[in-house]
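Subject: Structure for you to look at

Hi,

Here is the structure I promised to send over. Please open it alongside this email.

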Amino acid sequence: MIEVEDLRKEYGDFVAVEGSTFTVEPGEVFGVVGPNGAGKTTTLKMLAGLVEPTSGTARVGGRATDDPETRRNLGFLPEESPLYEEMTATSYLTFFADLYDVPRSVATDRIDDALDRLDLDHRSRKIGDMSKGMKRKVAIARSLVNDPDVLVFDEPASGLDPLTTNYIIDFTRELSDRSKTVVFSAHNLYHVESICDRVIVMNRGRIIARGTLEEIRDRHGTTEYHVYTTVDVPEAVRENGRYKRVVDDMGAVEETRGLAADRGGEVTDIRTEEPSLEEIFLDIADETPTGEAET
């Protein structure tokens with residue numbers, strides 16, 4: 001479990017993260033989203049023990065983030081991850097396994113398994129000759145060489161082509177299926193929606209929304225019902241040979257059914273339309289003034 005309590009980070013007069021409190025359950029995929037400058041990367045670096053908080057606490061598996069045992073049991077993937085480009089993927093990963101004192105026989109199997117799961121070929125090719133997507137896969141494999149229980153990924157699919165991006169997103173879910181705890185940030189909110197169990201939304205260094213996607217939608221979004229009829233009814237628009245009336249509750253759906261029947265028609269389809277995480281995020285980020293955050 002990851003436990004964060006009133007976490008704060010200041011750089012001089014600038015407050016990058018202010019009053020963050022949240023928990024991440026074992027085996028959970030936990031998303032951290034927000035605009036540039038929201039405090040996402042700083043938060044992840046504090047979880048990984050790379051940045052010291054100004055105040056507050058962060059504990060991973062019951063230990064402080066600067067505890068050596070925490071670092072041995074955590075894998076971190078920064079957004080920008082320079083690699084040793086003269087090394088091959090296998091030699092590079094073996095080097096990092098040695099740093100973690102992983103026995104060579106165990107490291108070989110572990111590296112092969114990670115690269116197989118990531119579908120990385122050309123393992124004897126120098127990293128400098130690899131594509132950006134292949135390099136990203138090597139960086140992800142590096143975060144796994146010590147077989148950590150907790151993984152912290154900052155923009156794991158940043159700048160990659162759609163095919164590689166989808167592969168890495170699917171792989172992130174697979175890690176959770178293998179009982180790994182994954183905390184990651186992403187700009188593409190569709191990917192966050194597709195794999196996250198819970199998310200926090202940050203803006204100006206503060207958490208402005210949190211919970212499962214359903215909870216965030218219930219609190220910040222509005223569900224609409226698109227009711228299609230064979231006849232014109234009040235507030236309907238013609239669409240593809242039918243009439244569509246947009247309403248916001250089931251009472252209005254039944255009202256539409258009655259209006260259609262009164263005119264000799266019927267309801268042919270009802271579709272539930274929920275706002276995407278991106279739409280909700282844009283709304284709440286716009287509405288949250290400086291200094292105000294969700295508690």
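Below is what was found in it, by topic.

**Overall**

Please keep in mind that this is a predicted model. The protein chain has 10 helices and 14 strands. Its C-alpha atoms fill a box of roughly 80 × 45 × 30 Å along the principal axes. The chain has 295 residues, and 47% of them count as buried.

**Helix α1**

Start with α1, residues 40-47. Six of its eight residues are buried, so the helix is largely enclosed by the rest of the structure. The buried ones are Lys40, Thr42, Thr43, Leu44, Met46 and Leu47. Note that a lysine, Lys40, is on that list. Just after α1 comes Gly49, with a positive phi of about 80°.

Next, go to α8, residues 213-220. Which residues of α8 are buried? They are Leu213, Ile216 and Arg217.

Asp218 has a relative accessible area of 69%. It counts as exposed because that value is over the 50% cut-off.

Asp218 also belongs to a negative surface patch.

**A nonpolar patch**

There is a nonpolar patch on the surface too. Tyr84, Phe95 and Leu99 form it. Together they have about 290 Å² of accessible area. Leu99 is found in helix α3, residues 89-99.

**Salt bridges**

Side chains of opposite charge can pair when their charged atoms come close. How many salt bridges does the model hold? The count comes to 20. Here are some to look up.

- Arg178 and Asp113: their side chains meet at 4.0 Å, N to O. The pair links distant parts of the chain, 65 residues apart. Arg178 is in the loop between α6 (162-177) and β8 (181-185), and Asp113 is in helix α4 (residues 104-117). Arg178 is partly exposed at 31% relative accessibility. Asp113 is partly exposed as well, at 32%.
- Asp197 and Arg173: these side chains meet at 3.8 Å, N to O. Asp197 lies in the loop between α7 (189-195) and β9 (198-203), while Arg173 is in helix α6, so the pair ties together parts that are 24 residues apart in sequence. Asp197 is partly exposed, with a relative accessible area of 32%. Arg173 is partly exposed, at 25%.
- Glu239 and Lys244: the closest N and O atoms are 3.2 Å apart. Lys244 is buried at 15%, because buried means under 20%.
- Arg8, Glu10, Glu18 and Arg206: these residues are linked in a network of salt bridges.

**Two aspartates with positive phi**

Two loop residues deserve a look at the backbone. Asp101 has phi near 60°, a positive value in a residue other than glycine. Asp101 lies in the loop between α3 and α4. Asp101 is exposed, with a relative accessible area of 59%.

The other is Asp119, with phi near 55°, again positive in a residue other than glycine. Asp119 is found in the loop between α4 and α5 (132-142). Asp119 is partly exposed, with a relative accessible area of 46%.

**Where to click**

1. Helix α1, with six of eight residues buried.
2. The nonpolar patch of Tyr84, Phe95 and Leu99.
3. The salt bridge between Arg178 and Asp113, then the one between Asp197 and Arg173.
4. The loops that hold Asp101 and Asp119.

Best wishes

Terms used. Residues are numbered from 1 along each chain as its sequence is written. This is a predicted model: local features need pLDDT of at least 70, side-chain atom pairs count only at pLDDT 80 or more; totals for chains, interfaces and linings use all residues. Side-chain values use heavy atoms; hydrogens and water are left out. Patches are made of residues with over 30% relative accessible area and no salt bridge: like charges are joined within 9 Å, nonpolar side chains (Val, Leu, Ile, Met, Phe, Trp, Tyr) within 5 Å. Accessible areas come from the Shrake-Rupley method with a 1.4 Å probe; for residues, only the protein chains shown count as cover. Lys and Arg count as positive and Asp and Glu as negative; His and the chain ends are not counted. The place of a charge is taken as NZ of Lys, CZ of Arg, CG of Asp or CD of Glu. Helices (H or I, at least four residues) and strands (E, at least two) are DSSP runs, numbered from the N terminus. Buried means under 20% relative accessible area, exposed over 50%, partly exposed in between (1.4 Å probe, protein chains only).
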